[in-house]
Amino acid sequence: WFLAYHGEFLCFQAVMGAFLWKWRRESYFFSIKDGLGLDIPRDATCPSLRPAIHLSELKRRSQQTRNVSYQAEARGIMAAGLCDA
């Protein structure tokens with residue numbers, strides 16, 4: 001299991017996601033980050049709008065350094081939901 005090219009913790013969500021991708025892909029919507037670079041079909045790489053997202057680490061970093069803008073990053077995440085795929 002890999003996330004951003006690093007090993008991912010093996011858990012129910014990861015196993016279920018792999019199962020659904022292989023056996024029930026047509027019944028679900030997938031939003032795989034950086035999927036185009038991994039040769040994933042385009043329709044499975046469209047960013048999803050989320051009703052909520054927890055960005056505490058981003059907020060913490062923005063408080064520690066001026067190089068990180070919480071507002072700019074949050075707006076970018078919201079804009080990514082406007083996928084044209």
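Predicted model: local features only at pLDDT ≥ 70, side-chain atom pairs only at ≥ 80, totals over all residues.
**Thr45**

I started with Thr45, which sits in the loop between α1 (12-23) and α2 (56-64). Is Thr45 buried or exposed? I noted 15% relative accessibility for Thr45. Thr45 counts as buried because that value falls under 20%.

Next I looked for a polar partner of the Thr45 side chain. I found the backbone oxygen of Arg42 at 2.8 Å from a polar atom of that side chain. I then listed what Thr45 touches, leaving out residues up to four places away in sequence. The list reads Phe30, Ile32, Gly35, Leu36 and Ile40.

**Phe30 and its ring partner**

Phe30 was on the Thr45 contact list, so I checked Phe30 as well; its relative accessibility is 16%, and it counts as buried. I then searched for aromatic pairs. How many are there? The count comes to one aromatic pair. Trp21 and Phe30 form that pair, and it is edge-to-face. I wrote down 5.0 Å from centre to centre and 90 degrees between the planes. The pair is called edge-to-face because its planes are over 60 degrees apart.

**Asp39**

I stayed in the loop between α1 and α2, where Asp39 also has its place. At 72%, Asp39 counts as exposed.

**Surface patch**

I turned to nonpolar side chains on the surface. Phe12, Met16, Phe19 and Trp23 form a nonpolar patch there. I noted about 450 Å² of accessible area for the four together. Phe12 is found in helix α1. Phe12 has 59% relative accessibility and counts as exposed because that is over 50%.

**Salt bridge**

How many salt bridges does the model hold? I got a count of one salt bridge. The side chains of Glu57 and Arg60 meet in a salt bridge, with 2.6 Å from N to O. Both residues lie in helix α2. They are three residues apart, about one turn of the helix. I checked how open each partner is. Glu57 is partly exposed, with a relative accessible area of 46%. Arg60 also counts as partly exposed, at 41%.

**Distances across the sequence**

I kept Arg60 in view and took a C-alpha distance from it to Tyr70. The two are ten residues apart in sequence and 8.9 Å apart in space.

Ala79 counts as partly exposed, at 44% relative accessibility. What separates Ala79 and Pro47 in sequence and in space? I noted 32 residues in sequence and 9.5 Å in space, C-alpha to C-alpha.

**Whole chain**

Last, I took the overview. The protein chain has three helices and two strands. From the N terminus on, I read the order of elements as β-β-α-α-α. What share of the 85 residues counts as buried? I noted 15%; Thr45 and Phe30 both carry that label.

I then looked at contacts between residues at least 6 apart in sequence. Among these, 19% join residues at least 24 apart. The accessible surface of the chain comes to about 7500 Å². Carbon and sulfur atoms account for 57% of that surface.

Notes:
Residues numbered from 1 in each chain as written. Heavy atoms only, no water. Helix = DSSP H or I, 4+ residues; strand = E, 2+ residues; numbered from the N terminus. Buried < 20%, exposed > 50% of the residue type's maximum accessible area, 1.4 Å probe, protein only. Polar contact = N/O pair within 3.5 Å; in protein donor to acceptor, adjacent residues only side chain to side chain. Contact = heavy atoms within 4.5 Å. Patch = residues over 30% accessible without salt bridge, like charges linked within 9 Å, V, L, I, M, F, W, Y side chains within 5 Å. Areas by Shrake-Rupley, 256 points an atom, 1.4 Å probe, with all protein chains shown as cover. Phe/Tyr/Trp six-rings, centres within 6.5 Å; stacked < 30°, edge-to-face > 60°.
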